[in-house]
Amino acid sequence: MGFCESNNENRLQFSGIMIQLRIQKFMEVLPMAYKITSACVSCGACADACPAGAISQGDDSYIIDASACLDCGSCSDTCPNGAIVPAE
Ligand code: SF4
Ligand code: SF4
């Protein structure tokens, strides 16, 4: 393996590590604004109120897709059971 070839390989490895670190950092700062607790009775009102379509029926309760949530709070205001609370 020539010097240039080995250098390119090192550069590629370094780029891969940098991309991994950036993804990791992004996941750490991605906020989960609201969460749906076990008080959910699956009435569906929050899904209808969500302007981003970020709420859907899960296995046991409704769930919020954090990557689509706009942090507007409509779901929390709408829930008749107080089941949607700010995430820690
Ligand atoms: S409005 Fe409240 S009780 Fe109804 S589905 Fe949403 S979280 Fe569950
Ligand atoms: S905070 Fe707003 S955008 Fe996020 S899940 Fe609730 S209603 Fe949807």
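# Chatting through a predicted chain and its two ligands

Trainee: Hi! How many helices and strands are there in the chain?

Mentor: The chain has three helices and four strands. Helices here are DSSP runs of H or I with at least four residues, strands are runs of E with at least two, and both are numbered from the N terminus. This is a predicted model, where local features need pLDDT of at least 70, side-chain atom pairs count only at pLDDT 80 or more, and totals for chains, interfaces and linings use all residues. Residues are numbered from 1 along each chain as its sequence is written, while chains are lettered from A and ligands numbered from 1 in the order in which they are written.

Trainee: Switching to ligands. Which residues are closest to ligand 1?

Mentor: Cys40, Cys43, Ala45, Cys46 and Cys79 are the closest of the 15 residues that surround ligand 1. A residue counts as near if its C-beta atom, placed from the backbone, lies within 6 Å of the molecule.

Trainee: And how does that shell divide into nonpolar, polar and charged?

Mentor: Around ligand 1 there are ten nonpolar residues, five polar and no charged. Ala, Val, Leu, Ile, Met, Phe, Trp, Tyr, Cys and Pro count as nonpolar, Asp, Glu, Lys and Arg as charged, and the others, Gly among them, as polar.

Trainee: Which residues come nearest to ligand 2, then?

Mentor: For ligand 2, Cys50, Cys69, Cys72, Ser74 and Cys75 come nearest, out of 16 residues around it. That shell divides into 13 nonpolar, two polar and one charged.

Trainee: Which residues make up the largest nonpolar core?

Mentor: There are twelve: Tyr34, Ile36, Cys46, Cys50, Ala54, Ile55, Tyr62, Ile64, Cys75, Cys79, Ala83 and Ile84. Strands β1 (34-36) and β3 (62-64) each supply at least two residues of this core. Such a core is a set of buried Ala, Val, Leu, Ile, Met, Phe, Trp, Tyr and Cys residues joined through C-beta atoms within 7 Å.

Trainee: What does "buried" mean?

Mentor: A residue is buried if 20 or more other C-beta atoms lie within 10 Å of its own, exposed if 12 or fewer, and partly exposed in between, with C-beta atoms placed from the backbone. Buried residues make up 14% of the 88 residues in the chain.

Trainee: Back to Cys75. What does cysteine 75 touch?

Mentor: Leaving out residues up to four places away in sequence, cysteine 75 touches Tyr34, Cys46, Ala49, Cys50, Ile55 and Ile84. Touching, or being in contact, means that the two C-beta atoms, placed from the backbone, lie within 7 Å.

Trainee: Where does alanine 47 lie, and why is alanine 47 partly exposed?

Mentor: Alanine 47 lies in helix α2 (residues 45-49). Alanine 47 is partly exposed because 18 other C-beta atoms lie within 10 Å. Its contacts, again not counting residues up to four places away in sequence, are Ile55, Ser56 and Tyr62.

Trainee: I spotted serine 42. What is its phi?

Mentor: Serine 42 has a positive phi of about 55°, although it is not a glycine. Serine 42 is found in the loop between β1 and α2.

Trainee: And aspartate 71, where does that lie?

Mentor: Aspartate 71 lies in the loop between β3 and α3 (74-78), and it has a positive phi of about 65° although it is not a glycine. Aspartate 71 counts as exposed because it has 12 C-beta neighbours inside 10 Å.
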